[in-house]
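Hello,

I am passing on the structure below. Please look it over before reading my notes.

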Amino acid sequence: MSVDRATVFRIAHLARIAITDEEAERLEAELSGILDWVAQLDELDTANVEPMTRVEAMTMKKRKDVVADGFCADDIVKNAPHEDDHYFVVPKIVE
Amino acid sequence: MTDLTELTISDAREGLRAKSFTAVELADAHLAAIEAANRAINAYVLPTPERALEAARRSDERLGKGEGGSLEGIPLGIKDLFCTKDVRTTACSHILDGFTPPYESTVTANLWAAGAVMLGKLNNDEFAMGSSNETSFYGDVINPWRREGSDAPLVPGGSSGGSSAAVAARLCLGATATDTGGSIRQPAAFTGTVGLKPTYGRCSRWGIVAFASSLDQAGPITRSVRDAAILLQAMASHDPRDTTSADIPVPDFEASIGRDVKGLTIGIPKEYRVEGMAPEIEALWQRGIAWLKDAGAEIKEVSLPHTKYALPSYYIVAPAEASSNLARYDGVRYGLREPGKDVISMYENTREAGFGAEVKRRILIGTYVLSAGYYDAYYLKAQKVRTLISQDFDQVFQSVDALLTPTTPAPAFGIGEKSGDPLEMYLNDIFTVTVNMAGLPGISVPAGLSSEGTPLGLQVIGRAFDEETLFRVGQVIEDAAGPRLKPADWWSASA
């Protein structure tokens, strides 16, 4: 097993998902299985290979630094689960 | 009048221009078909009949004046991954409950500008993560095809299972779809339809719910190769709002249809002859080779030595990008919110309740491979392997014009047959995922039936931005394969 129960909970917390004990048990086996399987990449010597960081050979486009959109606060908060006067409302963060 | 749902897009285009029928009649015929079929097939998660009829009426006005775009009055289904202004878009995830975008994706905006009519939003695997359309929050899509002599439900492929099933069951003339590891081509193969994944950058990703941004690409599913060319023509464009959208002209794709393949060299990659591949898949492949040879193409065996590493490296790159992309679903700005004792537990409870099992699995894999201490061993390694896969293709495309492979290692499987084992499910994409890793275009064309009486597809892979060769070769396969495949209608009867 490349992933133990504690690691599953640690990753889940990093990913902000409150998994249950039953899920953790299943994920421990599943994640280990997937990670063991991808370990076959170690067969390849990639010491002198550049990582692929762009899909097509093109230079990154840069847009002009100008306002292209805006004045649509109603649209932005329209789908919010809890909104007040164009603010997103969340549980209290600072006491 | 002939059954309007049987038409291809090219037939319908002619019929509308000749005024043999109206856009409203065409939309009505499809809305009736959806009404009769959707309970059984579950292809549409949100039919939009009023909007469809309103758009069709406007198309009829334009057609009446001799005006109209290239898709004027053509009824289409739209995968639920495309944001549609004021029409619910959820990527078939609980976490996007009720989300109605205040904007339109570039691809769908292009379609509406060309006159197309939206029939509704199509089902897909949650966030496009799946190969069977069994991970949707809105339930499984059922393949209109069944095994001969059996009424056991089969999967329509995934993630674009709603798109493939709707096109196969004649519930739209064509559909939009997206492909991150095979999500257009594999469902097309499972349903006897044509599915094209364009070159990365050909279609704008703006307004498409993101899964893995360096792999995602939109494309069409249709019932003919010509229709795929017509639909891609309208979908593709350079879009300044997507920095990876290619700033190159979109060629006249339909002009490639019917151009012969004499003088083309077609590569047969020997690594795609995988262990345990069904003999009928091998036979299908040989049949395809013979068709292209008969049509005047030269056949050449080639080697893509890193093929077997494509799927494992994909399952590092795609989950890594997904874990990052899906970080935005936190219960604050849109969709579901589950309360918690503080803001962190609100995030955690929302994401626990909102994401399905497969999505969680991939987010966790992605979080793991990007976490401190593992980044180089997994993510950087996978990106290097991606370079090797891409170089394999560069190498063979020096001596061949396109590659021919099977689309899938087997025909459509049953609902529930593979959902217990994630790795077994992932192996479905073994022949399609290489293309995404290298950013190339690929098309799946129906090429015959399996011994079970279900469809099989052949895949043609091309050079970057050379979809035209795919249309040429694809048309030869379509012509050689014989009459268009059609599943027997069991679904309307059960409605």
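This is a predicted model: local features need pLDDT of at least 70, side-chain atom pairs count only at pLDDT 80 or more; totals for chains, interfaces and linings use all residues.

Residues are numbered from 1 along each chain as its sequence is written, and chains are lettered from A and ligands numbered from 1 in the order in which they are written.

Helices (H or I, at least four residues) and strands (E, at least two) are DSSP runs, numbered from the N terminus.

Between the chains, helix H1 of chain A (residues 5-14) packs against helix H11 of chain B (residues 357-370) at about 95°, with axes 9 Å apart. Axes are lines fitted to C-alpha atoms, for helices over the stretch in contact, and angles run from 0 to 180 degrees between N-to-C directions.

In helix H1 of chain B (residues 9-17), the buried residues are Ile9(B), Ala12(B), Arg13(B) and Leu16(B); buried means that 20 or more other C-beta atoms, placed from the backbone, lie within 10 Å of the residue's own. Just after H1(B), Lys19(B) has a positive phi of about 60°.

Strand S10 of chain B (residues 442-449) has six of its eight residues buried, so it is largely enclosed by the rest of the structure. Strand S5(B) (residues 194-197) runs antiparallel to S10(B), joined by three bridges, and strands pair if DSSP finds at least two bridges between them. Gly195(B) has Ser444(B) as its bridge partner. S10(B) also runs antiparallel to S11(B) (residues 455-462), through seven bridges.

Regards

Technical notes:
A residue is buried if 20 or more other C-beta atoms lie within 10 Å of its own, exposed if 12 or fewer, and partly exposed in between; C-beta atoms are placed from the backbone.
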